[in-house]
Amino acid sequence: MTMHKTVDVNVDAMIEDLRTLVEIESPSRDLDALMASAKAVAAVIESRLGRQAILVESEAGPHVHWSAGGDPHVLILGHHDTVFPLGTLERRPFTVEDGHATGPGVFDMLGGLVQAVHGLATLDDRSGVEILVTADEEVGSRSSRALIEERALACGAVLVLEGAADGGALKTGRKGCGTFQVSVAGRASHAGLEPAAGVNALIEASHQVLDIAALGRPDIGTTVTPTVASAGTLDNVVPAEATVIVDVRVESAGEKERIESAFAALAPHLDEAKIAVQGAISRPPMPESASAELFAVAKKLLPDLEGKAVGGGSDGNFTAALGVPTLDGLGAVGGGAHADHEYLVIEVMAERANLVAGLVNAIRNT
């Protein structure tokens, strides 16, 4: 198999579309900003591919869905929300310099969206292709998951346009991930006059942090990381309440079950302290077996491609869990996701756009 023959991708046009999307800020949960962003994404798709893109309203903001028509064969999956608050653009404007594009969201994942659209634009026949760009990936995909799963099952193959792994590698596996919140209820008392009359929620939370951290099994890919804690009100009051937030990553369904059961079984160490646990491992693991078939196709198109299993989650976790072949990390080559140094490598944009087009052709011809 060789790369399909297409008209050349216009990198300057890709950069202009990327500028358009980056300069419309789209922080998760900001419904007005996400509406503007969704309209911009739809306009870019329509201008490059024809046919109308539909805005699918949700409580988290509008998702963008586009279909080329015909029997569905492949779903191009991405998101237009970003982690950056309004005002980031003013501090860190879209810039093209020294072969890099920078600005909020260029790598995660607006660059990937633009590359996919321009790759598809090189194809004379786009039948069977759908694009779904969601509004809430960065905050758990609760409003979009059902739609993602529906279209993935209908299409039968998913290409996820999240940024590439280090060195431009595709993401062939992902850990399952989730967040837990452990709330501790104690009893307040005067820290000087009657310290023993209280139930110290901070001390109880400290016990819980040690118990929780001990659940990790990094040797088999399970990480359990307490990340945020709060307790107390005044420096002379025994704290009555405390909260601990925990990030969890797992590689297997068995570990997902073990960790969720362990959090449910957490018990207080102090008499009269009470514990409540919320949360779950909301994104199931994406096993490398889910990507093996599509990765082999990608390797035929670009023999130097590498694949890596990574710790972060994406919407590809959901589609892979359904048994739908899923290949991730097809988007921008660069780095700095969620950070101020986020960047995209311009010289690889055309190659990655053509890779998406080549994969689409290959999937439809099997």
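Helix 8 passes helix 10 in a right-handed crossing; a crossing counts as right-handed if the near helix is turned clockwise from the far one by less than a right angle, and as left-handed if anticlockwise. Helices here are DSSP runs of H or I with at least four residues, strands are runs of E with at least two, and both are numbered from the N terminus. The model is a predicted one, in which local features need pLDDT of at least 70 and side-chain atom pairs count only at pLDDT 80 or more, while totals for chains, interfaces and linings use all residues. Residues are numbered from 1 along each chain as its sequence is written, and side-chain values use heavy atoms, with hydrogens and water left out.

Axes are lines fitted to C-alpha atoms, for helices over the stretch in contact, and angles run from 0 to 180 degrees between N-to-C directions. On the helix 8 side, Leu294, Val297, Ala298 and Leu301 meet Leu355, Gly358, Leu359, Ala362 and Ile363 of helix 10, where contact means heavy atoms within 4.5 Å. This contact of helix 8 with helix 10 has 8 nonpolar residues, 1 polar and no charged ones. In this grouping Ala, Val, Leu, Ile, Met, Phe, Trp, Tyr, Cys and Pro count as nonpolar, Asp, Glu, Lys and Arg as charged, and the others, Gly among them, as polar.

Helix 4 (residues 106-121) packs with helix 1 (residues 11-22) at about 135 degrees, the axes being 9 Å apart. That angle makes helix 1 oblique to helix 4, and the crossing of the two is right-handed. Helix 1 contributes Ala13, Met14, Asp17, Leu18, Leu21 and Val22 to the contact, and helix 4 contributes Val106, Leu110, Gly111, Val114, Gln115 and His118. These residues divide into 8 nonpolar, 3 polar and 1 charged.

Helix 4 also packs with helix 2 (residues 31-49), at an angle of about 20 degrees and with the axes 9 Å apart. Helix 2 and helix 4 are therefore roughly parallel to each other, and helix 2 passes helix 4 in a right-handed crossing. Here Val44, Ile45, Arg48 and Leu49 of helix 2 meet Val117, His118, Leu120 and Ala121 of helix 4. The contact of helix 2 with helix 4 comprises 6 nonpolar residues, 1 polar and 1 charged. Met109 lies in helix 4 too, and a cis peptide bond with omega of about -5 degrees joins Asp108 to Met109.

Turning to the sheets, an open one is formed by 4 strands in the order 4-5-16-15, with antiparallel pairing; two strands pair if DSSP finds at least two bridges between them. Strand 4 (95-97) and strand 15 (334-335) stand at the edges with a single partner strand each, so one side of each is left without a neighbour in the sheet. Strand 15 is joined to strand 16 (residues 343-345) by 2 antiparallel bridges, and the bridge partner of Gly335 in strand 16 is Tyr343. Helix 4 packs on this sheet, touching strand 5 (100-102), strand 15 and strand 16, and its direction makes about 35 degrees with that of strand 16. Asp98 lies in the loop between strand 4 and strand 5; its phi is near 55 degrees, a positive value in a residue other than glycine. Most residues other than glycine have a negative phi, and most peptide bonds are trans.

Another open sheet holds 6 strands in the order 1-2-6-3-7-14, with mixed pairing. Its edges are strand 1 (53-56) and strand 14 (326-327), each with a single partner strand, so one side of each is left without a neighbour in the sheet. Strand 3 (residues 74-79) and strand 7 (residues 158-160) run parallel and are joined by 3 bridges, with Ile76 opposite Leu159 of strand 7. Helix 5 (residues 145-155) lies across strands 1, 2, 3, 6 and 7, at about 155 degrees to strand 3.

Key. Parallel < 35°, antiparallel > 145°, perpendicular 65-115°, else oblique.
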